[in-house]
Amino acid sequence: MNFKIMSVVFKKEIKDMFRDKKTIILGILIPLLIFPILYGFMGKSMEDSQKKVQKNLKIAIKDDGNSSFKDYIKSQGNITIIESQDLKKDTQDGKIYAGIEIPKDFDDSIKNDKQVELKIIYDDASQNSSMAMDIIKSMADTYSKGVVKERLIKMGVDESILTPMVIKEDIVAKEKTNVGRMILSMMLPLFLIIYSISSPMAAATDLGAGEKERGTLEPLLTTKASRMNLLFGKFFAITLMGLIGTIASITGLLISFKTSPSLFGGDASVVFPAKTLIIIAALTIFVTMIFGALELSVSIYARSFKEAQTYLSPLSIVGMAAAFSTYLIDVKDISPVYLNIPIVNISIVLKEIINGIYNPMHIILTFVWSGVYITISILFARYMFSKEEVIFRT
């Protein structure tokens with residue numbers, strides 16, 4: 001293989017891809033902007049909804065006995081009591097967020113140390129109504145604790161009798177649990193794998209089946225470049241485009257993580273050390289190379305651009321299935337079997353290092369297997385390039 005010729009092919013393919021504005025728009029700008037825009041709207045919508053309910057909790061109360069609980073609710077801030085003849089209908093119609101039915105004998109039951117049933121009517125299909133339900137339950141819980149305290153004082157009993165045990169937490173983790181890091185450990189491996197599969201797909205389809213359709217593949221085969229030079233030139237070009245797309249997508253995700261922290265557990269203070277970023281980058285490159293070679297092989301086999309897209313679509317599902325299989329796995333209790341399964345092992349190591357766990361055996365085993373999978377993928381692509389009936393398949 002002539003590296004000089006291969007580099008010429010590589011540069012030629014990169015130039016061709018970047019001449020097309022669609023490559024920049026679809027491969028870089030959209031992946032970079034889609035998550036900040038998407039999560040920005042979601043975060044703003046959620047924040048506005050929460051503020052709307054918390055600032056003006058519209059509820060209706062049915063209380064024939066003018067109970068003390070009704071007075072307690074009225075004394076809370078940001079409460080708007082609305083008259084309603086039908087609590088269920090007005091809740092369903094959105095006129096009120098929730099309705100409260102208080103028994104007529106509420107105060108008498110409380111004074112006589114009896115249990116009272118309080119009914120809260122809400123619509124679980126409405127986010128505002130569900131939030132109102134949580135707020136009302138919190139008020140009722142606070143009121144109940146006050147009643148219990150008064151009953152115990154009246155009986156001359158120390159209120160601590162209700163809590164015979166006090167839990168003292170002693171966390172053994174090396175560092176304080178970071179909610180943002182925990183959520184990233186679930187999301188980042190999934191997104192990295194999906195993007196590493198999908199990002200090189202467009203380039204692979206264009207450099208294989210696309211060349212066939214345009215009739216530019218045959219002239220390319222008549223040049224001094226051998227098929228292996230063409231293969232590796234195209235392969236590295238696809239890998240580079242895949243990495244650019246993946247980096248753009250993950251950058252967009254991290255921007256969303258910082259700008260809309262409420263969607264990620266409210267914790268945006270995630271900083272990774274250099275060794276974590278290096279391992280993440282290396283594993284991302286490996287996944288991109290594995291699927292880049294497979295996608296180029298399939299693209300060369302396909303008769304047309306459309307046929308190549310049809311064949312390549314299931315690859316994304318395979319990657320998603322592998323990533324989802326580790327979604328809820330505890331990184332401190334992983335079976336060694338998982339480390340021998342393609343893509344699954346990469347997802348597991350990503351979860352580990354994001355959580356600050358560096359298991360040398362797991363990392364080395366995953367890197368070794370990834371090298372094996374890359375070699376197999378390239379050999380398969382080489383086989384497809386060497387078959388006349390595949391390259392000239394029409």
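Partly exposed means a relative accessible area between the buried limit, under 20%, and the exposed limit, over 50%. The model is predicted. A search of the whole structure finds 11 salt bridges.

**Exercise 1.** Classify Asp113 by its relative accessibility, then find its salt-bridge partner.

Step 1. Asp113 has 39% relative accessibility, so Asp113 counts as partly exposed.
Step 2. Asp113 forms a salt bridge with Lys154; their closest N and O atoms are 3.7 Å apart.
Step 3. Asp113 sits in the loop between α5 (106–111) and β4 (119–122), while Lys154 belongs to helix α6 (residues 127–155), so this pair ties together parts 41 residues apart in sequence.
Step 4. Lys154 counts as exposed, at 57% relative accessibility.

**Exercise 2.** Are Glu211 and Lys234 buried or exposed, and which network do they join?

Step 1. The side chains of Glu211 and Lys234 form a salt bridge at 2.7 Å, N to O.
Step 2. Glu211 lies in helix α8 (residues 201–214) and Lys234 in helix α10 (residues 227–259), so the pair ties together parts 23 residues apart in sequence.
Step 3. Glu211 and Lys234 are both buried.
Step 4. Through salt bridges that share partners, Lys12, Glu13, Glu211 and Lys234 form one network.

How values were computed
Residues are numbered from 1 along each chain as its sequence is written. This is a predicted model: local features need pLDDT of at least 70, side-chain atom pairs count only at pLDDT 80 or more; totals for chains, interfaces and linings use all residues. Side-chain values use heavy atoms; hydrogens and water are left out. A salt bridge is a side-chain nitrogen of Lys or Arg within 4 Å of a carboxyl oxygen of Asp or Glu. Helices (H or I, at least four residues) and strands (E, at least two) are DSSP runs, numbered from the N terminus. Buried means under 20% relative accessible area, exposed over 50%, partly exposed in between (1.4 Å probe, protein chains only).
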